[in-house]
Amino acid sequence: MSQRNQIEVQTYTKIGTGRPSPTGEYQPTITYKGRLKNSINYIAIKSIDIKRQDDAYNLYNFLKDQNHPHILKIYHWYKTANHFWYYIEYCPGGTLLDLLEQDVRLPESIIKIFAVDILDALFYLHTNGVILKDMQPRNILINECGSLKIADFTRAESIDKPQSLNVIVDEDMIEYLAPELLLENGIGSFASDLYSFGALLYRMAAGQVPFKSSLARDPESALFHEAPPLLPGYSNDFNDLVQALLRKNPATRPQWAEVIKHPFWEDLLTNRSKSSSPTEFDVSRLPKNPTREQNRLAGNLTRRASAVAIPAKGVESARISTQSSPKTIESMIMTSELFEPQQLFLNTTIDTVNIPSFKPEELDLKFDINSSIKTEVINVFEQCLNNIRDETPTSKKDRRKYGYIAYLIQKIQNDFVADTIAETPLFSEILKMALELKSASASGLLILYGGIAHNAHNISPSNLSEEALKPLKILAEKEEKVSRKAISAFGEIAFYMASAKTPLVFPSFFEQIIMTNLQNNKDEIMQHYVYHIVSGIVPLPKCSSLFDIKKVEELMMKCNNFPPERPAMLERYAIALCEIYQQIETSNKEHVEDIIIRLMSMGGNSSNTCRQLSLMLASSAKMLYVLKDELGKCLADTFENIKMKALLSVCLCFGDDLKNFLGLSSRFLFVLDKFAQDNWNEVDAVSNWFAQIAWKIIKGNDYSLFQIITPALIVKVCREKMWTNSFQKTFGEKLLQMDFTNPDAVYALQVLEAAVHEGVCSFELVTYISKAFESPEKDTRFLSLKIVADLNSNASKNNTELASFVLEKVLPLAPTILNNSKQSEDDLISEQVLKILSFTANNDKNCVPVIAKKEIYPRVFEKMCQSPSALLLTYHIIQFSGDIIDNFVESGLLEAISDAVKKENIPDSFDVLYAILNPLTKQLTSSPNSQQVLSVISKISKLAELTKICAERLFLGTTKILNCLQVEIYIFSYLPNAIRCPFEDAFPALACRIKEAKFSQEHANVAKRFIEMLFYVSTKSTQTELVKQAMRNCSDFMNALFEASESPIIELSNPSKSLLQIINA
C-alpha cells in the first residue's frame, strides 16, 4: 500500500462516529463530510486510529481495485502520525442500520430491492475471489438515490489467502456470522457469506437478528442447532430462501446457482439496467472455494469461538499432530496447511454427496437428539436405526427411511452424539445394516458411519476389532455407489486408528484395501480417496503397522490418470508423494519429474495450490533442480505463499551455483525484504543462508559475485546478519589485496559504496582503496572517488582524519584528473574530485589554503556553470585561500562568474559574486583613495555588467541578490578613469523595480535600500557626476523615481524624494 500525494479538500462537519474499541486499545473511527476544492464533488473523509493498521490496510487493499455501483468507491488515502485518512464516496442516506433502527421492519418489496443490490455486489466480490465475512447493516451505506453500497472490508480476505478470524470481540459482527466461522480457526467461504446475507435478510424483515451473539458462548445453544422461526406476513418464497441460507451445515446451504434461480427474485436479477447492475450472474466465473472449506463442510460445530475460543468439553483429540515447528529450510518448504489431515466424510472435492432433506415432524420420533444425556441419545439413535431397517420398500417409506439417515448424519456432527454412539455396539451395527440394505440405504449408512468416525474422540476398542470392521472390506468390493462410500468410511476409521494415542491393531485386510484401490485405474474417485488416506497416515508413527511405504510408493508410480476436470485429485496425489518422500527416496525420478512439471504448469483456479505442491514435491524428492529455471517466475508470482516457497527453494538450489544465482539475486532480495517487513517467520532462516553465501563470496576470488552482496546491504535483515565486525575485517583484507587493474574489481567497490550509504562502513575501509584512484579502469577510478565523495558529504565538521586522507591521497591527483577531463567519462571522474575537495573545504576551512593550487584554478572556474561542487569550491577558495586577485583573474574567474550569474538556474553564483566583491567594500570604506584598492576594482571591472542582472532578478531571488546589487553600485562608482557610469545599463531594470515597489510594502523595503545606495554614491563616490548623469539620461528611471516620491509607502517615497533632489541639484 503506497501512500499517495495528498489532495486538497474542504472539510465540513462530522457526520459519523464509530463504536469505541471493545478493549479500549484504539479510538473510534470518525467520518466527516468534505468537498474536493475547486469542485462541487462532495466526499466523506474517514479517519482510522493508527493502532488499527492491519484493518486500515485491509480496507484499502480490498476497496482500491473494486469498480461496482454497489461497492463504496475510494478516491485517496494518506497517513499521519496518529491516523489513516481515507477520502471515500459520500452517501448522504447514512447506514442501513440507521434506517432499520428507525423503521424496525421493512416491507418485503423494499427488502427485495435492497437485497438485489447486496446480492449483486456479493456475487461480484466472489467472482473476484473476495470473501466479505462482515455483513452487518452498519457496514452498508445508502446513497442519494437509495442504492445500497457495501462499505467495510476490514475483515475481508482473498480466497487464495484464507485467514482465521481467531478471537472475535465484535458482538454485533457475531450475530451475522455463519456458525462454522465460530470454529477455532474458522475460515470464510462463499457459503459463510451467503449465511450472513440470510441473516441480513432476516434482520430487515423481523426487526431483530435470528440469533443473539450471547448464544455463541454456548455450544448447545439454538445458534448451532436450530433454525430460526418463520416470519409471518412474508411470502413462502422469502421464508424458504432465508431458511435455506441460514442452514447450520454449509454443505446443505444453497450454492450460488440455486440462490440466483430462487423464485423469490422473480425477474429482478434478469431485468435490471446495466448502470445499476452490471453483474451477469454467470456462476462459471466463480473461482474454486478454499481447499479447507470443502473439508469443513459438515465439520464439527461444537468447537467454537466468540470472544474467547470454546473447546469441546471433556474430550481430548485422538489425532496426533504430524507437523512440528520447522527449523530447517527444507522443513519450512514442507510446512503448509495443505498437509493438515483432511476429512473424507462429506468431502465434495472427491465425490458428490446428496443428502436428502427431511422434515423432523414427518419422522416418527419421541423426541429430538438435543440432549446431553447419553441414554436418551442412544435410545433415539437406536429407534432411528430400527425404523431404517424395518421400513417396507414403498416410495413414501423409502423417503422416510432416507430422512432418518439424513437426520442422524446431521446429529452426529455434534461431538457428544458422535462420542456417545462410537462407544456403543450401535456403531458396529451401522456396518452390519449397510450389508443388509439396498445400495441407496447402504451408502447413507456408510456416510453416517464415516461421520461418527471423523467426529468421535474415542471409539470403543470392540468397534475396532477385525470382526467388527470386516463388513468394510465386503462393502468396499460392492457396486460403485456403495464402494466409494465404504472407502470413505474406511479412510476415516483407518486415520482414527493410526492417530490414536492408545495401541490398536489394524485388521489384516486394511493394507489390501489400500493396495487394491491404488491399482484401481477404472475408478478415479476410489483412487482419489486412497490418495487422501495415504497422505493422512504416512506422517503418523503407526504408518508402518498399516502398510509398507515403499510398496505404496511403487504402486503410486504407476498412477497417471489425473483428469483435467479433477485438479484436486492431482493435488492430493502430490501431497501423498510429498509425505512419502519425507520418509523414503523415490523409486522413479522420471515419473516424479513429470508430476512436478505438470503441477507447475497447471492453470485455472487451482494453479496456486498446484505450484505450491510442485515446489514442495521437488523439495521432498530432492529434485528441486527440475524447477531451477522456474524459480525466477515463482519469485514474481502474485501469491505470497508461492513466493516464500520459491525463496526457500532458491536457498537449496543455488548455494553451490552462485554464478546462476547472480541473475536471480535482485528479485530474491526484493522479495526477502518484503517478507521481512511483513514479519514472516521464514525470513530469519533465509537471511542466515544469505549471510553464509556472502562469506563464501568475499573469501573467494570471483569479484563478479560481489554484485550479489551490494543490493543485500539495502535489505535491513540481510545487512544485520551479514555485515558483522568479522565480515568487515575480512572484506577490508580483501580490499587491501585487490588488484584494481581487474575490471571486475569495481564490483567490490560497489559493495563498499552501499556500505558507506547505509552507514555501516568504517572509515578505515575507505582508506584501503586509494590505489583504485589511479586504476586504468575508468569505472574503478570513478567509483572509488565517488565513495570518498559520498563519505565526505556526510562527514562532520573538522573531521581531521578524513581531511588528511583527502589532502594526502586525492589532492595530489587533482591537477592531472581535472586537466584531463576531455571525455564524458573523465568529466564524471573530475566531478567526484571536485565534490571531494569542495566538501573538504566546507568541513574544514583550514584545508582551503592547501587545496587552493593555481594549477587547478582554470578547470575549477571553468566548471562553475555545470558543477555545484566547482561553485562551492570556488566560493571557499575566494573566501579562505588568501590568494591574490591577480591569480584569480588570470585563471578566468571573472568570465566564469559572469557566465554563471547570467544563467538563471544557478542562484548560488551570487554567493561567489558577493564573495569577491565584499572584501573590496570594506577596504573602500576604510581607504576610499587607496591606489591598491582602486587597482583591484579596475582589474575586476568586467563584473560591473552584472549590475543589470542583479537589478532584473531583484524581486525573484533572496537577499543575496540585493546585497550583490548594492555592492556592485558601491564599488564600481569608484572605478578609476571611467568615462561613463559602469552600471548605466542597469537603470531601465531598476526603473521597473521601483514601479513594482509602489504596490508592495515588501518590495518597497528592498527598493529603499538600493535607492539609498544610489543616493550615497551620488554624493560620496569619486564618480558622482557620471552616476547622476546616467540616471538623468534614463527617462524611465526618472519617471519611476518621481512616481515613487508620491507613493503612500514612506519607505519608498522618502528616499526617492532625496535622490531626486540630488540628481536635480
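Let's start with helix α1, residues 53-63, which lies across β3, β4 and β5 and runs at about 25° to β5. Lying across rests on contact, meaning heavy atoms within 4.5 Å. The angle is between N-to-C directions, on a scale from 0 to 180 degrees, with axes fitted to C-alpha atoms, for helices over the stretch in contact. Helices (H or I, at least four residues) and strands (E, at least two) are DSSP runs, numbered from the N terminus.

A word on the source. This is a predicted model, where local features need pLDDT of at least 70, side-chain atom pairs count only at pLDDT 80 or more, and totals for chains, interfaces and linings use all residues. Residues are numbered from 1 along each chain as its sequence is written, and side-chain values use heavy atoms, with hydrogens and water left out.

Now the sheet. It is open, with five strands in the order β1-β2-β3-β5-β4, and the pairing is antiparallel. Pairing takes at least two DSSP bridges between two strands. β1 and β4 (74-79) are the edge strands, each pairing on one side only. On average, neighbouring strands are turned by 25° against each other, direction ignored.

Strand by strand, then. β1 (residues 9-17) and β2 (residues 30-36) share six bridges. Val9 has Leu36 of β2 as its bridge partner. β2 also pairs with β3 (residues 42-49), again over six bridges. There, Thr31 is bridged to Lys46 in β3. The β2-β3 hairpin has five residues between the strands, and Asn38 takes a positive phi near 65°. β3 goes on to pair with β5 (residues 83-89) over seven bridges. Ile43 stands opposite Glu89 in β5.

Where does a lysine lie over a ring face? The rule: NZ of Lys or CZ of Arg within 6 Å of the ring centre and within 35 degrees of the ring normal. Lys628 lies over Phe654, at 5.1 Å from the ring centre.

Next, the cores. A nonpolar core is a set of buried Ala, Val, Leu, Ile, Met, Phe, Trp, Tyr and Cys residues joined through side-chain atoms within 4.5 Å. Buried means under 20% relative accessible area, exposed over 50%, partly exposed in between, with a 1.4 Å probe and protein chains only. The largest core has 291 residues, and Phe381, Phe668 and Phe1037 touch the most other members. Helix α17 (residues 480-499) gives this core its largest share, eleven residues. Phe381 touches Ile369, Leu408 and Ile452, among others. A second, separate core has 79 residues, including Ile74, Phe84, Phe211 and Leu231.

Last, the rings. Phe, Tyr and Trp (its six-membered ring) pair if their centres lie within 6.5 Å; planes under 30 degrees apart are stacked, over 60 edge-to-face, the rest tilted. That rule gives 39 aromatic pairs. Why is the pair of Phe661 and Trp689 edge-to-face? Their centres are 5.4 Å apart and their planes stand at 85°, so edge-to-face it is. Phe661 is in α27 (residues 658-677) and Trp689 in α28 (residues 683-699), so the pair ties together parts 28 residues apart in sequence. Phe661 is buried at 0% relative accessible area, and Trp689 is buried at 9%. Trp689 also pairs edge-to-face with Phe690, at 6.5 Å and 65°. Phe690 is buried too. And one cluster to finish: ring pairs link Trp695, Tyr703, Phe706, Trp723, Phe727 and Phe731.

Definitions and conventions. Lists of a residue's contacts leave out its neighbours within four places in sequence.
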